[in-house]
Amino acid sequence: IPGMEVTLKNCTDLLLYFYNKSEMIEFYDKHVKDKKVPNNIFNLNKTSLDVEEIFDFLKDYNAVTCIAHPFAMYPKSCRLKAKNSPLDRVDMIEVLNGEMRKWRNNRAINFARRENVAMIAASDGHTMSEVGQCVTGCRAEDIEGLFGEIIHKNNILIGREIWGTQRISAQLTVLGKNFRLKLPTLFPNSKIKSYLRSKIAE
């Protein structure tokens, strides 16, 4: 399924799923690529886009939208009740996220039920061992059918959160990638720059 995660300027992660790859590439090239902002400390991949802007751009595309891990730790949590919240505009909410703590996912599930919003599950995997940890299932023959079933709440959520050594390994992997991406910008004239760039490319 063609898709991308766009981090808005308030650090909210918005998942965008497209019905074909060409539209996804066009949207990225026209509205996301040049909106990326420099990373601070960690590689948040934040853009300068706000809620109003991105949904205005999406009007010209056939896409399905989803709020990712709405009750994650700050700053990745979503201000669901704040002014200009994406809640009233998205098609669904990610409520079972393999990277989140169970109590955070439970808050998302309860919120989605209360607001009567479609729900999905996703691994949010940063390592190959996490892929498939949480999945969304339904009966469908194609992408149109898949999203139709989810939006009409005819889907199921399968999986559970990672824990123990698997969680520690995933978090260390993310932390290591963040530092390898950030350090070359902190030491632009250092010999460490070429070494780190080579590691990033591996």
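**Fold, cores and aromatic pairs of the predicted chain**

The structure is a predicted model, in which local features need pLDDT of at least 70 and side-chain atom pairs count only at pLDDT 80 or more, while totals for chains, interfaces and linings use all residues. Residues are numbered from 1 along each chain as its sequence is written, and side-chain values use heavy atoms, with hydrogens and water left out.

The secondary structure comprises six helices and seven strands, where helices (H or I, at least four residues) and strands (E, at least two) are DSSP runs numbered from the N terminus. Along the sequence, these elements follow the pattern β-β-α-α-β-β-α-β-β-α-β-α-α. With a contact taken as heavy atoms within 4.5 Å, 66% of the contacts between residues at least 6 apart in sequence join residues at least 24 apart.

A nonpolar core is a set of buried Ala, Val, Leu, Ile, Met, Phe, Trp, Tyr and Cys residues joined through side-chain atoms within 4.5 Å. The largest such core has 19 residues, of which Met4, Val6, Leu16, Phe27 and Ile54 touch the most other members. Strand E1 (3–7), strand E2 (13–18), H1 and H2 each supply at least two residues of this core, and the largest share, five residues, comes from H2. When residues up to four places away in sequence are not counted, Ile54 touches Val6, Leu8, Leu14, Leu16, Phe27 and Leu49. A second, separate core of 12 residues includes Leu15, Tyr19, Met92 and Phe147.

Aromatic pairs were assigned where ring centres of Phe, Tyr and Trp (its six-membered ring) lie within 6.5 Å, with planes under 30 degrees apart counted as stacked, over 60 as edge-to-face and the rest as tilted. By this rule the count comes to five aromatic pairs. Phe27 and Tyr61 form an edge-to-face pair, 5.1 Å centre to centre with 90° between the planes. Phe27 lies in helix H1 (residues 21–32) and Tyr61 in the loop between helix H2 (51–58) and strand E3 (63–67), so the pair ties together parts that are 34 residues apart in sequence. Both Phe27 and Tyr61 are buried. Phe71 and Phe111 also form an edge-to-face pair, with 6.0 Å centre to centre and 70° between the planes. This pair links distant parts of the chain, with Phe71 in the loop between E3 and strand E4 (92–97) and Phe111 in helix H3 (residues 102–115), 40 residues apart; both Phe71 and Phe111 are buried. Tyr17, Tyr19 and Phe147 form one aromatic cluster.

Most residues other than glycine have a negative phi. His69, although not a glycine, has a positive phi of about 25°; His69 lies in the loop between E3 and E4 and, at 6% relative accessibility, counts as buried. Asn116, likewise not a glycine, has a positive phi of about 60°; Asn116 lies in the loop between H3 and strand E5 (118–122) and, at 56% relative accessibility, counts as exposed.

Notes. Buried < 20%, exposed > 50% of the residue type's maximum accessible area, 1.4 Å probe, protein only.
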